[in-house]
Amino acid sequence: MRYLKYLKGYTAHCILAPLAKWIEAALELMVPLVLARVINLLKDTNISNKIPIIFYNGLFLIGIGIVGFLCALFCQRSASIVSQGFGTRIRDSLYAHINTLSLREMNQVGTASMVFRAATDAEQLQTALAMIIRLVVRAPFIVVASIIIICIKSWQIGLVVLGFTILIGVVICIIFKKCFKLAIENQLKMDKMTQISNEILGGARVVRAFNAKQTEHARFFKVAAARQKDAVRIGKISAWLNPLTYALANLAILVVLFWGGDFIIKGNLNIGNAQAIIQYIVQILNAMIVIAGMITLFANAYSAMVRINEVFDLKSSIQDGSLQEIPNNTTAILFDKVYFSYAKEEKEEKYALENISFTVPRGNKIAFVGGTGSGKSTVTLLLTRLYERNHGTLKIFGENIEDYNIQFLRNHIGVVTQESPLFTGTVRSNLQWGKQNASDEEMWNVLELACAKDFLKQKEGLETPIVEGGKNLSGGQLQRLAIARALIKNPQILLLDDSSSALDFATDRQLRKNLASLTDTTIITIAQRTTSIANSDCIYVFSDGKIVTHGTHSQLLQNSSLYQEIYNAQDVKEV
């Protein structure tokens, strides 16, 4: 029922298409009656009067065929319009809903599974709807109407046919139930195949560099073989449908022939009606075969619906606020006893951030440093509300972060993550992510700030093509363009998460000098190089999810053994 809203605007098609199909089916059901009438008339008519009977009834059957064809054509067209619109709306709604979820919920399902559900599973529902409009509404109508007509002709034979029809229906339901369970498992294996494919193709350079093609192929083949096994099992089970359906239907015909012959001999049934009954049984058989033939399709569609429902049922742990203005507050960021855990339940995993407290005045340049996994990057995830903290207070410009409208907040925070991918297009189109209507002058200004102007002048400037993920650029070029993309927003707060790790020392020094000129922008830099953060107003040293100390570069060199260790280790490497 939850999917009915996606049919809004297609009401006329949804009513008229089945109606047209029922008209076509009704006309088809008239054919055996016409033939029965012709047979009975020919049997009792002399030769001279038989030609008009055949001619006029033949014209009537041709007329029925033409009208039925037009109705079928209209139904087919309407089914295509409705199903395509239905599928588009589901994908659009699903994609919009996914974008409301926090990273916590997205990680719960997995990226590969999300992609598969939004694409393939939605396609399964779209196809199923088209089949419902085109075939499913027709088949039950044919079955019920045929049984009613048979019962009118002979109620005894009608009861026999009804019994066999119910028996065929039971067989179909049993096989559907078995196929459905396997279809769910099959879809999960498809998720896994998609995930492995993304990893192998996305990391093709690494796979080949480590000569791991055979290993990765074996990993993919293992999952593909498991999916093949399930698909074969579904095929074997569904393969029983046609033989069983045909066997039961033909057995029904044998019973009718045996019993009907006795009725004809006794004069309780004429030859024309007996012929009509046989044709109606054949029509019932064909209708049941149509339903049986779509068992696998509907099993997959039903499992797809269940999987899409799982995504729709996910509720974001982050609630949107209404504040859409930046208060004139001297404090840009305030963390007060903030705790955070990536686990859904806090008891499942220790805190990634524990008792984090610090204050950043507006316009200050601060830095985070510490070992891998110490919690530095997690702070940026909380600032952009990709995750919600578990406990504590987090304020932006004096207001609780949850009071801000999320879109407004992110429009005023520039982020450059450790892996900031560029998107297929050009340098211009990627910079427009930060500001859609940015002028060429604005773009070149931020490119100069990000030290990207010179290498782009040697290429095609703003029209320099970017392939998938920016794989046609070096790591340093990627990072500089990602920084420019964040700067063009003119953000109030700029988060640089290890964003200069691929830069040479000279470029890194010039970049820091350029960023220091942004006096109105509050900048948080996460870096492994202490030389990159030496001029920061304050440096916070993280360890195991906690801030162990803070101060300026010179103060930490004097008072913090951990900072001294980091500095000396890098100093040796740099020499």
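Helices here are DSSP runs of at least four residues, numbered from the N terminus. By that count, α6 gives four residues to the lining of the largest cavity, the largest share. The model is a predicted one.

Start with the empty space. A probe the size of a water molecule, rolled over the atoms, shows where such space is left. The structure holds one cavity of 30 Å³ or more. The volume of the largest cavity is about 60 Å³.

Now look at the lining residues. They are Val 161, Phe 164, Thr 165, Ile 168, Ala 249, Ala 252, Ile 281, Ile 284 and Leu 285. Eight of the lining residues are nonpolar and one is polar. None is charged.

Next, follow α6 to another partner. This is helix α11, residues 295-313. The two helices pack at an angle of about 55°, and their axes lie 8 Å apart. That angle makes α6 oblique to α11. Their crossing is right-handed.

Which residues make the contact? From α6 come Ile 172, Ile 175, Phe 176, Cys 179, Phe 180, Ala 183, Ile 184, Gln 187, Leu 188 and Asp 191. From α11 come Ile 295, Phe 298, Ala 299, Asn 300, Tyr 302, Ser 303, Ala 304, Val 306 and Arg 307. By class, the contact of α6 with α11 has 14 nonpolar residues, three polar and two charged.

Methods:
Residues are numbered from 1 along each chain as its sequence is written. This is a predicted model: local features need pLDDT of at least 70, side-chain atom pairs count only at pLDDT 80 or more; totals for chains, interfaces and linings use all residues. Side-chain values use heavy atoms; hydrogens and water are left out. On a 1 Å grid over the protein atoms alone, a cavity is a set of points where a 1.4 Å probe fits but cannot get out, and a pocket is an open set with protein on both sides within 12 Å along at least five of seven lines; lining residues have an atom within 4 Å of a point. Grid points are joined across faces, edges and corners, and a volume is the space filled by probe spheres set on the points. Ala, Val, Leu, Ile, Met, Phe, Trp, Tyr, Cys and Pro count as nonpolar, Asp, Glu, Lys and Arg as charged, and the others, Gly among them, as polar. Axes are lines fitted to C-alpha atoms, for helices over the stretch in contact, and angles run from 0 to 180 degrees between N-to-C directions. Angles under 35 degrees count as roughly parallel, over 145 as roughly antiparallel, 65 to 115 as roughly perpendicular and the rest as oblique. A crossing is left-handed if the near helix is turned anticlockwise from the far one by less than a right angle, and right-handed if clockwise. Contact means heavy atoms within 4.5 Å.
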